[in-house]
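Trainee: Could we go through this model together, starting with its pockets and then turning to its sheets?

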Amino acid sequence: KPAIVYLTLENSKRETFSRMFSMSTDAGRMTDYEVDEAISMMKNNGLVVTDENPIDIIIKYKPNNSIDTSYLYELRDNLSDMGYEVITFIIDYLNLVRSIDRFSVSEERLKLGAVVNEIKSIASALDIPIITASQMNREANKSVDEARDSGKVNLVKTTNRSNLGESMLVLNNLDVCFQIIPCMIPSSNLKYLCMKLVKSRYEPFKDKLDYHNFIYQP
């Protein structure tokens, strides 16, 4: 059975399920409903495995910094024994995973670069996408705060590749990298996720007339 694995090292399973409930049902807090009722609401809103929608979602929680990148192989093998084929890993998030070479990687910037390199190798070996996230650095926060305070709307244009977390080594071995910043249009109170493509190793769409480096998701 095909499955997307959401591996979280930050939020507990309870927190993750609560967020999935809120996003899929738009019904407020999951704790306001009985368990069976909450499950039924999520299923009725499409969060269910069917013949037409056969991809399962598996949520796995591990404590902060409790695993290194080799755990992805272990988890894939365990799920395979249970009849699942992992087609995508989503890791929340990059800074909370250890490198296999944790004894020789002492600095945070070197550690992050090593983790990205290892995840890239695993993605290639398993032939699946691996999606993760990382915080931008303090300079990015400063630029965004100043732009927001001055009334600017297009906040994502205030950042660039130099704002990637603690290490430019993160960027070196990524296939694709987006910067994501929440924005609001004050006159309408409309909220957007502003996404900027800052790196793409493969560029199959640039010959398309509707190709853009920026996406604004309501």
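Trainee: Which element gives the largest share of the lining of the second largest pocket?

Mentor: Bear in mind that this is a predicted model. In the second largest pocket, which holds about 540 Å³ of space, the elements that give two or more residues to the lining are strand 2, helix 1 and helix 2 (35–44). The largest share, five residues, comes from helix 2.

Trainee: Which element gives the most to the lining of the largest pocket?

Mentor: The largest pocket has a volume of about 1300 Å³ and is lined by 40 residues, with Ile131, Thr132, Ala133, Ser134 and Phe178 nearest its centre. Two or more lining residues come from each of strand 3 (85–92), helix 4 (108–126), strand 4, helix 5 (138–149) and strand 5. The element that gives the most, with seven residues, is strand 5.

Trainee: How many charged residues are in the lining of the largest pocket?

Mentor: By class, this lining of the largest pocket has 26 nonpolar residues and eight polar ones, while the charged residues number six.

Trainee: In the open sheet of four strands, is the pairing parallel or antiparallel?

Mentor: Strands of a sheet can pair in either sense through backbone hydrogen bonds. Here the four strands follow the order 2-1-3-4, and the edge strands, which pair on one side only, are strand 2 (56–61) and strand 4 (130–132). From one strand to the next the twist averages 20°, and the pairing in this sheet is parallel.

Trainee: What is the bridge partner of isoleucine 4 in strand 2?

Mentor: Strand 1 (residues 2–8) pairs with strand 2 in the parallel sense over six bridges. Helix 1 (residues 13–25) packs on this sheet and touches both strand 1 and strand 2, its direction making about 145° with that of strand 2. For isoleucine 4, the bridge partner in strand 2 is isoleucine 57.

Trainee: Over how many bridges do strand 5 and strand 6 pair?

Mentor: Another open sheet has three strands in the order 5-6-7, with antiparallel pairing, and its edge strands are strand 5 (176–185) and strand 7 (214–217). Valine 176 has serine 200 as its bridge partner in strand 6. Strand 5 and strand 6 (residues 190–200) pair in the antiparallel sense, and the number of bridges is 10.

Note on methods. Residues are numbered from 1 along each chain as its sequence is written. This is a predicted model: local features need pLDDT of at least 70, side-chain atom pairs count only at pLDDT 80 or more; totals for chains, interfaces and linings use all residues. Side-chain values use heavy atoms; hydrogens and water are left out. Two strands pair if DSSP finds at least two bridges between them. Axes are lines fitted to C-alpha atoms, for helices over the stretch in contact, and angles run from 0 to 180 degrees between N-to-C directions. Contact means heavy atoms within 4.5 Å. On a 1 Å grid over the protein atoms alone, a cavity is a set of points where a 1.4 Å probe fits but cannot get out, and a pocket is an open set with protein on both sides within 12 Å along at least five of seven lines; lining residues have an atom within 4 Å of a point. Grid points are joined across faces, edges and corners, and a volume is the space filled by probe spheres set on the points. Ala, Val, Leu, Ile, Met, Phe, Trp, Tyr, Cys and Pro count as nonpolar, Asp, Glu, Lys and Arg as charged, and the others, Gly among them, as polar.
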